[in-house]
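Please keep the sequence and the 3D view open while reading.

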Amino acid sequence: MQNFQLTRRAVLAGMGATALTARMGNAATAPTPLTAQRAMAQIAPEGYPQTEVWSYDGTLPGPQLRVPQGARLQRRFVNELDVPSSVHWHGIRIDNAMDGVAGLTQDAVPPGQTFDYEFVVPDAGTYWYHAHTNSMEQVARGLSGALIIEEPDAPDVDRDEVLLLDDWLLNPDTAQLEPDFTHPMDLSHGGRFGNLVGTNGHYALTLKAKRHERLRLRLINAANARIFVLRLTGLSGWQVALDGMPLPTPEAIPEELILAPAQRVDLIVDVASDGAQAAIERLGNDDQWHSQIAFEISGEASRTRRDAPAPLPPNPNMAPTDLTQARPLEMKIEGGAMGRMSRNQMQGLMQSGNFWTLAGKAGPGDTPFARLSQGEPVRLRFLNDTAFPHAMHLHGMHFREVLEDGSLGPMRDTVLTFAGRSHEVAFTADNPGKWLLHCHMLAHAAAGMSSWIDVT
Ligand code: C2O
Ligand code: CU
């Protein structure tokens, strides 16, 4: 009898708790939706029709998500497209189950269904999110947005601007996206390039600014394949973070700033122009500089220029520093047009719809490129034996490039490797799970340049 009473009470208490959580789950703490849906966007100049895109929440790019460092990001992904999709949180040292890679960390979310993403964001900085199901098409159609993790003490700037650089391949008459996302020419060469280049969903972005105003500019390359080569005119300042991660000290901005697909750079700049204009310019295929972002200057924010900014506060766990114990790995990148693969090899590859291999294998498959034990330091050498540059991205962990003199470069999550060159990166395999390792030229990733590592 007593036992029964106890059991009954326990069961009732348990039910109460369940009912309560369920109610809280539906009302008080229901995660904010992030909805993939069709939308219209005025990408092309006025006078051209709007472009039909696939968007998050109806906007291009998707809504800018801002979360304080160390907080929990919660979003209910709602798929209102008629194809499966999933969301990847690029550069976040995330819980593996939340990484959004369809086929590796979760099943793609079918049309009409939802998936709850919930994870802690350990590092402050500039990140982004994008579709990771058939991403070559879905990202090109518009499924990306900025993810900003805010430092507890923001640097002293007048304004913080997020600049998501992209390009779109539009039909010149209708301004609609060219629908052939798997053209063999794109897959086997540099990838899908747009014929219209722009920022934050427009072909031409103009920002207002004041003389001596101090701006934090967060540049994100969201393009499928384009490597941006940028220069600043009338703005001068420092780069303070790469791929989200703060540099130990602010550095002079290189005269030509290279931003590979998926890479980010945070700049702190002062409006230094004497005239009414400043700009971020991009080097075109024609070898000319074109305005990427224009600044219209009027008024004055302060009398004189200010001192150099302090470095951003470092993020936790910036490893490794000692490579003597690091496990050496090598990944050869082969294939593509004009490469050194034999005709026979190439034909074999193409029969499986691929053009490229990583460490001799096309596509992620069932077995990882490497099995690593949690906490293991690793040095990974990419041998780019192709005729193209590749932006190699590792999920879940940042790495440092091992420079020619053996010293370690800044923390990054994407490294641009050049044709015929070798690039080594080092990281600590401190995040357990299955992590994709792929080229962020998304046509390449779709045509063989995807692999993964398993950390246990
Ligand atoms: Cu930006 Cu595999 O991702
Ligand atoms: Cu590539």
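## Second largest pocket

In this predicted model, the lining of the second largest pocket divides into ten nonpolar, eleven polar and two charged residues. The pocket holds about 400 Å³ of space. Its lining counts 23 residues. Val-101, Ala-102, Pro-364, Leu-436 and Ser-450 are the closest to its centre.

## Largest pocket

The largest pocket has a volume of about 630 Å³. It is lined by 25 residues. Nearest its centre lie Glu-401, Leu-403, Arg-412, Val-415 and Leu-416.

Strands that give two or more residues to the lining include β14 (235-242), β15 (245-252) and β16 (257-259). By class, the lining has 13 nonpolar, four polar and eight charged residues.

## A four-stranded sheet

Four strands form an open sheet in the order β3-β8-β7-β5. The pairing is mixed. β3 (65-68) and β5 (87-90) stand at the edges with a single partner strand each, so one side of each has no neighbour in the sheet. From one strand to the next, the twist averages 25°.

Strands of a sheet pair through backbone hydrogen bonds, either parallel or antiparallel. Here, β3 and β8 (residues 144-150) run parallel, joined by four bridges. Val-67 has Ile-149 in β8 as its bridge partner.

Conventions
Residues are numbered from 1 along each chain as its sequence is written. Chains are lettered from A and ligands numbered from 1 in the order in which they are written. This is a predicted model: local features need pLDDT of at least 70, side-chain atom pairs count only at pLDDT 80 or more; totals for chains, interfaces and linings use all residues. Side-chain values use heavy atoms; hydrogens and water are left out. Two strands pair if DSSP finds at least two bridges between them. Axes are lines fitted to C-alpha atoms, for helices over the stretch in contact, and angles run from 0 to 180 degrees between N-to-C directions. On a 1 Å grid over the protein atoms alone, a cavity is a set of points where a 1.4 Å probe fits but cannot get out, and a pocket is an open set with protein on both sides within 12 Å along at least five of seven lines; lining residues have an atom within 4 Å of a point. Grid points are joined across faces, edges and corners, and a volume is the space filled by probe spheres set on the points. Ala, Val, Leu, Ile, Met, Phe, Trp, Tyr, Cys and Pro count as nonpolar, Asp, Glu, Lys and Arg as charged, and the others, Gly among them, as polar.
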